[in-house]
Amino acid sequence: KGETDILFIRKATEPNKPYYTMEIRKGNIIQTRGKNNAAPTKEIESFIEDFKKEKLERGRARNKVAISA
């Protein structure tokens, strides 16, 4: 139904090696987990914040429609 998007975060230097998985639902990050259900490191938390700003929040701003009365 397209209700949830699953993104795979991989290092550019190791594009074929799993690193972290991110679940996004309705434009919000639900969870990000690594191998053995590991919590995000500081490096990944920084990536997540950048991702939110560049992809999620920017996308919402583009999708808004101005209504003039």
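Analyst: One definition will be needed: two strands pair if DSSP finds at least two bridges between them. Please also note that this is a predicted model.
User: Thanks. In what order do the strands form the sheet?
Analyst: The open sheet consists of three strands in the order E1-E2-E3, and their pairing is antiparallel. The edge strands are E1 (4–9) and E3 (28–34), each of which pairs on one side only. From one strand to the next, the twist averages 20°.
User: Over how many bridges do E2 and E3 pair?
Analyst: Strand E2, residues 20–25, pairs with E3 over six bridges in the antiparallel sense.
User: And which residue in E3 is the bridge partner of Met-22?
Analyst: That partner is Thr-32.
User: Is Thr-32 buried or exposed?
Analyst: Thr-32 is buried, because its relative accessibility is 7% and the cut-off for buried is under 20%.
User: What is Thr-32 in contact with, leaving aside neighbours within four places in sequence?
Analyst: Its contacts include Ile-9, Tyr-20, Met-22, Pro-40 and Ile-48.
User: New topic: how many aromatic pairs are found in the whole structure?
Analyst: The search finds two aromatic pairs. In the pair formed by Tyr-19 and Tyr-20, the ring centres are 4.9 Å apart and the planes lie at 85°, so this pair is edge-to-face.
User: Why is that edge-to-face rather than stacked?
Analyst: The angle of 85° decides it, because planes over 60 degrees apart count as edge-to-face.
User: Which of the two tyrosines is buried, and which is partly exposed?
Analyst: Tyr-20 is buried, with a relative accessible area of 7%, whereas Tyr-19 is partly exposed at 24%.

Notes
Residues numbered from 1 in each chain as written. Predicted model: local features only at pLDDT ≥ 70, side-chain atom pairs only at ≥ 80, totals over all residues. Heavy atoms only, no water. Helix = DSSP H or I, 4+ residues; strand = E, 2+ residues; numbered from the N terminus. Axes fitted to C-alpha atoms, helices over the stretch in contact; angles between N-to-C directions. Buried < 20%, exposed > 50% of the residue type's maximum accessible area, 1.4 Å probe, protein only. Contact = heavy atoms within 4.5 Å. Phe/Tyr/Trp six-rings, centres within 6.5 Å; stacked < 30°, edge-to-face > 60°.
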